[in-house]
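The chain is shown first.

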Amino acid sequence: MFASDSASLNSVRSVAFSKSKDAVLAEAFAVEEMHYEEMLQQRQQLIKKWGPTPDKVDPFPSHGEFYTLWDFFLPSFGCPHRVERIGMMGDGGKWVCGLERIAPKPRCNIYSFGVNGESSFEADLLKAAPGCQLYGYDFSVNSFGPEIEEDKDLKSRSHFFPYALGPENKHNAVDDPKMYTLRTLMERNGHDFIDILKVDIEGNEFYSLSNFIDSFYGEPLPFGQLQLEIHVYPGSEWNDVAKFLGWWEKLEAAGLRPFFSEPNLVYMNLVKGARPDLVEYSFINIRGNHELVSNRPSSPRSG
C-alpha cells in the first residue's frame, strides 16, 4: 500500500469515527427530549390536579398541599456532558454543562449580569478556559469581586460595565442606571455568540429574556447555556402560575432545557420565614450549532 493510500484510509476512518460521535450525541439529545416530553405531560396532569387550569393553581399553597411553583418546572433534561458546580460552595456557585468542551476554545465569551461583589463563578470559569473573555454588568457595584480584581491575569481578560440589563435601551445622559438589551450589548461588543450566560438580576430577568427571545423571531438563540436565578417574590406579577407558565414555555419553545436546579437556601436562612422564592436554574440550548450540541460547531465572531 502506498503512503498516499494509507493517508486516504486514515482520513476515511477519521471521518467515519467523527460521524459515529455525531450520531451518538444526536441520539443522546433525542432520548433526553423524549424524557422531557414525558415530563411536560406530567406537568399538565399536575396542573389539572391542583387547578384544574393554570390560573387556578396557587404557586405557594399554605393549606396542606404538597407542592410549590417549582414542582411544575423540573430540570428533567440531562446534559449529555459533564455537569459540575463552578465557583464557591454556598451562594455564588453555578451548575455548568460541558465546560470541558468550551475550555479548549481559543476564543470564547462569558457574560455575567449581576455581580454584587462576588465573582468566584466567573473567576473559576476564566481559570478553566484561558481563551475566554468575561463581560460583566451590574449598576449596583463598581467592579468585579476580589476573585478577579486581585488576579492580574483574570482581570486582563475581564470587562466590567455599570449597566442594567433590561427589555429596552435607555442610556441617554439622564438615564441612571443606563439600561441595555442583551442583543444591543452583544452588538456593541462585536459578538455573535455567548458560550456561558449568567443572569441574576433580582426579578428583571422575565422581561429582559422575553425581549431577547422575541428579537430573534424563532431563530436559534446565540448562546450555549444559561445560568439563571429566578425570583418570584410575594406580590410580584410573576407570582401567578398562568403568567409564569407562559414565560417558561417561551424559554422552552426557544430551545432552552433545564438540566439542573438549586433552591437558594441561603436566602431562606437569612430571611426567616421566607418562602422558597429564589431558585437557580441551569439551561442548555439544544438549538443552533455550538459545542454542547455538535462535535463540529461553527465559529461565530468572538470580538
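The relative accessibility of Tyr217 is 75%, and because exposed means over 50%, the residue counts as exposed.

Glu202 is another residue with a positive phi, about 55°, although it is not a glycine. Glu202 is found in the loop between strand S8 (194–199) and helix H7 (205–214).

## Confidence

The model is predicted. Average pLDDT over the chain is 93, and 92% of the residues score at least 70. Where pLDDT is low, predicted coordinates should not be read in detail.

## Cis peptide bonds

The peptide bond from Gly51 to Pro52 is cis, and its omega is near 20°. Pro52 belongs to the loop between H1 and S1.

A cis peptide bond also runs from Asp176 to Pro177, here with omega near 0°. Pro177 is in the loop between strand S6 (164–165) and strand S7 (179–180).

## Arg157

Arg157 is placed in the loop between helix H5 (152–156) and strand S5 (158–161). With a relative accessible area of 8%, Arg157 is buried, because the cut-off for buried is under 20%.

Two backbone oxygens are in reach of this side chain. The side chain of Arg157 comes to 2.9 Å from the backbone oxygen of Leu126. A polar atom of the Arg157 side chain also lies 2.9 Å from the backbone oxygen of Cys132. Leaving aside residues up to four places away in sequence, Arg157 touches Leu126, Lys127, Ala129, Pro130, Gly131, Cys132, Gln133 and Leu134.

## Helix H8

Helix H8 covers residues 241–253, which is 13 residues. At 1.5 Å a residue the helix should span 18 Å, and the distance between its end C-alpha atoms is 18 Å, so the two agree.

Which residues of H8 are buried? They are Val241, Phe244, Leu245, Trp247, Trp248, Leu251 and Glu252. These residues cover an arc of only 165° around the axis, so they are on the same side of H8. An α-helix has 3.6 residues a turn, so residues three or four places apart point the same way.

At the start of H8, a side-chain oxygen of Asp240 reaches to within 3.1 Å of the backbone nitrogen of Ala242. After H8 comes Gly255, which has a positive phi near 100°.

## Aromatic pairs

There are 33 aromatic pairs in the structure. In one of them, the rings of Phe72 and Phe73 have centres 6.5 Å apart and planes at 55°, so this pair is tilted. Phe72 and Phe73 are both buried.

Phe73 also pairs with Trp248: the ring centres are 4.9 Å apart and the planes are at 45°, so this pair is tilted. The pair of Phe73 and Trp248 links distant parts of the chain, 175 residues apart. Phe73 is in the loop between helix H1 (3–50) and strand S1 (83–86), whereas Trp248 is in helix H8. Both Phe73 and Trp248 are buried.

How values were computed:
Residues numbered from 1 in each chain as written. Predicted model: local features only at pLDDT ≥ 70, side-chain atom pairs only at ≥ 80, totals over all residues. Heavy atoms only, no water. Helix = DSSP H or I, 4+ residues; strand = E, 2+ residues; numbered from the N terminus. Expected span 1.5 Å × (residues − 1). Buried < 20%, exposed > 50% of the residue type's maximum accessible area, 1.4 Å probe, protein only. Arc of directions from axis to C-beta. Polar contact = N/O pair within 3.5 Å; in protein donor to acceptor, adjacent residues only side chain to side chain. pLDDT = per-residue confidence, 0-100. Phe/Tyr/Trp six-rings, centres within 6.5 Å; stacked < 30°, edge-to-face > 60°. Contact = heavy atoms within 4.5 Å.
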